[in-house]
Amino acid sequence: MWVYIAIGGGVLLLLLIICIANYNRLIKLRTKTEEAFSTMDVYLVKRWELIPKLVDSVKAYMAHEKGTLEKVTELRARDYESLSEADKLKVNTDITKGLGRILVVSEGYPELKSSGNFLQLSRDLFRVEDEIAQSRKYYNGCVRMYNTKVQTFPGNIFAGMFGFQSKQMFEATAIQRTDVGVDL
């Protein structure tokens with residue numbers, strides 16, 4: 001009789017250890033994903049703060065590109081801190097499209113391209129974009145590990161029990177995926 005109780009207790013203890021280990025692994029992965037998003041968010045905020053300066057320096061030269069400037073300004077006017085994680089990813093994807101358009105159009109304005117203010121802002125923007133790209137890789141790697149744990153067995157059982165949800169990756173836009181033609 002005591003043997004059955006000991007075996008039953010051992011099985012329950014083993015199940016408890018498995019449950020705790022899976023829960024702790026999910027917590028660690030979620031925390032790592034949140035830390036990665038926070039790192040990327042720092043660079044997104046830097047870019048967020050550069051946008052009004054860039055738009056102001058471009059306005060005088062690009063009057064007929066008013067729609068592009070207004071779209072970027074409208075996106076930038078949102079309260080960044082109140083956006084959800086998913087909304088931040090969406091807004092920044094849209095901003096990337098608009099900034100890309102501004103930089104492409106600026107090629108047609110030699111006076112703008114030679115403006116010291118515009119040149120400095122462009123360099124700052126390219127540096128921040130590179131930092132965003134690097135932090136995006138790290139964030140997506142963390143999300144991949146987290147989502148794999150949340151979606152595969154036995155992690156999916158524990159994820160469901162404890163309310164863990166898959167996270168959205170930061171994805172490239174169709175514009176970012178296209179080949180850039182360089183005219184030398």
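**Labels and their grounds**

Guide: This is a predicted model. Lys167 lies over the face of Tyr146, at 5.9 Å from the ring centre.

Visitor: What makes Lys167 count as lying over the face of Tyr146?

Guide: The distance is 5.9 Å. The cut-off is within 6 Å of the ring centre, and within 35 degrees of the ring normal.

Visitor: Why is the pair of Tyr23 and Phe162 called edge-to-face?

Guide: The structure holds four aromatic pairs. In the pair of Tyr23 and Phe162, the centres are 4.7 Å apart and the planes make 65°. Pairing needs centres within 6.5 Å, and edge-to-face needs over 60 degrees. Both tests are passed, so the label holds.

Visitor: What does the pair of Tyr23 and Phe162 tie together?

Guide: Tyr23 lies in helix H1 (residues 2-59) and Phe162 in helix H6 (residues 155-162), so the pair links parts 139 residues apart in sequence. Tyr23 and Phe162 also belong to one aromatic cluster with Phe164.

Visitor: Is Tyr23 buried, exposed or partly exposed?

Guide: The relative accessible area of Tyr23 is 32%. Buried means under 20% and exposed over 50%. Tyr23 falls in between, so it is partly exposed. Phe162, at 37%, is partly exposed too.

Visitor: How do you know that Phe37 and Tyr139 form an edge-to-face pair?

Guide: Their centres are 5.6 Å apart, with 65° between the planes. Within 6.5 Å and over 60 degrees are the limits, so the pair qualifies. Phe37 lies in helix H1 and Tyr139 in helix H5 (residues 116-151), so this pair joins parts 102 residues apart in sequence.

Visitor: Why are Phe37 and Tyr139 called buried?

Guide: Phe37 has 6% relative accessibility. Tyr139 has 0%. The limit is under 20%, so both count as buried.

Visitor: What makes Cys19 buried?

Guide: Its relative accessible area is 19%. That is under 20%, so Cys19 is buried. Cys142, at 2%, is buried as well.

Visitor: How does the radius of gyration of the protein compare with that of a compact globule?

Guide: The protein has 24 Å, whereas a compact globule of 184 residues would have a value near 16 Å. The C-alpha atoms fill a box of roughly 90 × 35 × 25 Å along the principal axes. The protein has seven helices and zero strands.

Technical notes. Residues are numbered from 1 along each chain as its sequence is written. This is a predicted model: local features need pLDDT of at least 70, side-chain atom pairs count only at pLDDT 80 or more; totals for chains, interfaces and linings use all residues. Side-chain values use heavy atoms; hydrogens and water are left out. Rings of Phe, Tyr and Trp (its six-membered ring) pair if their centres lie within 6.5 Å; planes under 30 degrees apart count as stacked, over 60 as edge-to-face and the rest as tilted. Helices (H or I, at least four residues) and strands (E, at least two) are DSSP runs, numbered from the N terminus. Buried means under 20% relative accessible area, exposed over 50%, partly exposed in between (1.4 Å probe, protein chains only). The radius of gyration is taken over C-alpha atoms; the globule rule is 2.2 Å times the number of residues to the power 0.38.
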